[in-house]
Amino acid sequence: MWALGPFASMRGLRGSLNLLAAVSLTALLSSCQSLFEQAYVPDVSPSSTPQIVEEVQKGDPRAQMGAREHPRIVASYGGEYHDEKTEKLVARIAGALTAVSENPNQSYRITILNSPAINAFALPGGYLYVTRGLLALANDASEVAAVLSHEMAHVTANHGIERQRREEAEVIASRVVAEVLSSDIAGKQALARGKLRLAAFSRQQELQADVIGVRTLGEAGYDPYAAARFLDSMAAYSHFTSVDPYSDQSLDFLSSHPNAPQRVELARRHARAFGPEGTHGETGRDYYLQGIDGLLYGDSPQEGYVRGQTFLHAGLGIRFDVPDGFQIDNKVEAVLATGPGDVAIRFDGIADSDRRSLSNYISSGWVTGLLPETIHAITINGLEAATAKASAERWDFDVTVIRIGPQIFRFLTAVPKGSPTLEPTADKLRSSFRRITRQEAASLKPLRVRVITVGQGDTIGSLAARMMGTERKLELFKLINALNTGATLAPGSRVKIISE
């Protein structure tokens, strides 16, 4: 949730609601042969002459393109996600695909992004990216293989070269963003997002990658129908998240990869070359579920936790509540919440080693439309604080700042001008803000994907009731397990739930 950017008018606040939070993990896949051996021969010993990606790709101009953009991609998602079990799972899948790809000599560097977004994309030179959110949504290895084989096809078809030409056309715009906003996290994200938009290939390139990807999928021994199946799952998830009008889907797979019923049918048509559905290849469901059991889901611990109407952050030692009916959105740059009647809340913080008075801080120029006569010093649950009102364009604001040591925490509540909800909403935030105890901090645990075995008497409803982190438990349970209307669960089968 952390950022040091200034507050702005409601227009800026709404813009902030569309900035994406995230994080990530890098698995270096060496030469395709050694990777394949690592994936399938459990007693393989280290090579006396190991090959690493950097050595294999030395002198490759395409790899140099990917290497230049790699740090931007990772930074825009907030870092790298490390989990040995998941890393080995993705390496196993990628190894099988590489061995039968159009260019088996191509080396790949796969980064598992620690982001809840559902996405995967490729850069020139074998740089592949997949989010942990996508891994959580997939239900078997063949579905992830379908995504990776599609992205590998972009690499082997050299689609990135054409995209590089399009990128050159944005150089001037990128420089403007860098120069104007370089000291502000919003500027860094805008620059990174400009690069990520270029991860989108043309529709013709996408269709070509579909054809190559499905063929690679089937030849690697995976279920070739997984591509169409997972496109359906991603479309369902996109619909699920679109219920939130402020959710940012611009970095999700279906935003950068054109999707339509015709494309799903096209994937099925190519899969039929291997035979009727269910007659060719494996899904790899058992080892896949084992590989993602315990996978981090949703917010990472570094960004704090959302539990119902409450935001808690163990590292910062704080918590607060939003009113009933509000939805909290924990972004990397701030905690945002939206409620009925176009009410919006933003929470973030800045370092203040000078320890200036909070009243002076509010009036130091970062609040648009400040009404100086409304500034008041107060105390909130034993903490030094100050409040003020502001008005700009069509919006009224309440500004509350609270000091804990060298840190100033900031609430901005925005309502349509003249709305009576400003004061009660701001009061709820202020009165609920407090430090948490060590015991409370120690008890906070992140949400994870948990794989459980269906027992006698278990139903979709009873298992969905065990889901955490969402009020739409049944809907999300069916979504992450790809359960259609009317589906039932057989005792002894395994399903995913989200819990601590």
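Biologist: Where does Arg355 lie?

Modeller: Arg355 is in the loop between strand S10 and helix H16 (358–362). Helices and strands are DSSP runs (helices: H or I, at least four residues; strands: E, at least two), numbered from the N terminus. The model is predicted: local features need pLDDT of at least 70, side-chain atom pairs count only at pLDDT 80 or more, and totals for chains, interfaces and linings use all residues. Residues are numbered from 1 along each chain as its sequence is written, and side-chain values use heavy atoms, with hydrogens and water left out.

Biologist: Why is Asp342 called partly exposed?

Modeller: Buried means under 20% relative accessible area, exposed means over 50%, and partly exposed is in between (1.4 Å probe, protein chains only). The relative accessible area of Asp342 is 42%, so Asp342 is partly exposed.

Biologist: Is Ser142, then, buried or exposed, and how do you know?

Modeller: The relative accessibility of Ser142 is 0%, and therefore Ser142 counts as buried. Ser142 is found in helix H7 (residues 141–156). Leaving aside residues up to four places away in sequence, Ser142 touches Leu217, Tyr222, Asp223, Ala226, Arg229, Glu282 and Thr283. Contact here means heavy atoms within 4.5 Å.

Biologist: Why does Ser431 count as exposed?

Modeller: Ser431, in helix H17 (residues 422–432), has a relative accessibility of 52% and so counts as exposed. From Ser431 to Asn381, 50 residues apart in sequence, the C-alpha separation is 7.3 Å.

Biologist: How do you know that Ala236 is partly exposed?

Modeller: Its relative accessibility is 34%, so Ala236 counts as partly exposed. Ala236 is found in helix H12. Its C-alpha atom is 9.1 Å from that of Ala482, 246 residues apart along the chain.

Biologist: What makes a set of residues a nonpolar core?

Modeller: The set must consist of buried Ala, Val, Leu, Ile, Met, Phe, Trp, Tyr and Cys residues joined through side-chain atoms within 4.5 Å. The largest such core has 68 residues, and those with the most contacts inside it are Ile93, Leu134, Leu135, Tyr222, Tyr288, Phe477 and Leu489.

Biologist: Why is this core said to lie between domain 1 and domain 3?

Modeller: Domain 1 (57–294) and domain 3 (448–499) both give residues to this core, so the core lies between them. The domain bounds come from an automatic or database domain assignment. Apart from this core lies another, of 23 residues, among them Ile318, Ile328, Val335 and Ile404.

Biologist: What describes the packing of helix H5 and helix H15?

Modeller: Two packed helices are described by the angle between their axes and the distance between the axes. Helix H5 (residues 84–100) and helix H15 (residues 285–292) pack at about 145°, with their axes 8 Å apart. The axes are lines fitted to C-alpha atoms, for helices over the stretch in contact, and angles run from 0 to 180 degrees between N-to-C directions. H5 contributes Lys85, Thr86, Leu89, Arg92 and Ile93, while H15 contributes Tyr287, Tyr288, Gln290, Gly291 and Ile292.

Biologist: Which classes of residue make up the contact of H5 with H15?

Modeller: That contact has five nonpolar, three polar and two charged residues. Ala, Val, Leu, Ile, Met, Phe, Trp, Tyr, Cys and Pro count as nonpolar, Asp, Glu, Lys and Arg as charged, and the others, Gly among them, as polar.

Biologist: What covers the buried residues of H15?

Modeller: The cover includes H5, helix H6 (132–137), H7, strand S16 (448–453) and strand S17 (494–499). The buried residues themselves are Tyr287, Tyr288, Leu289, Gly291 and Ile292.
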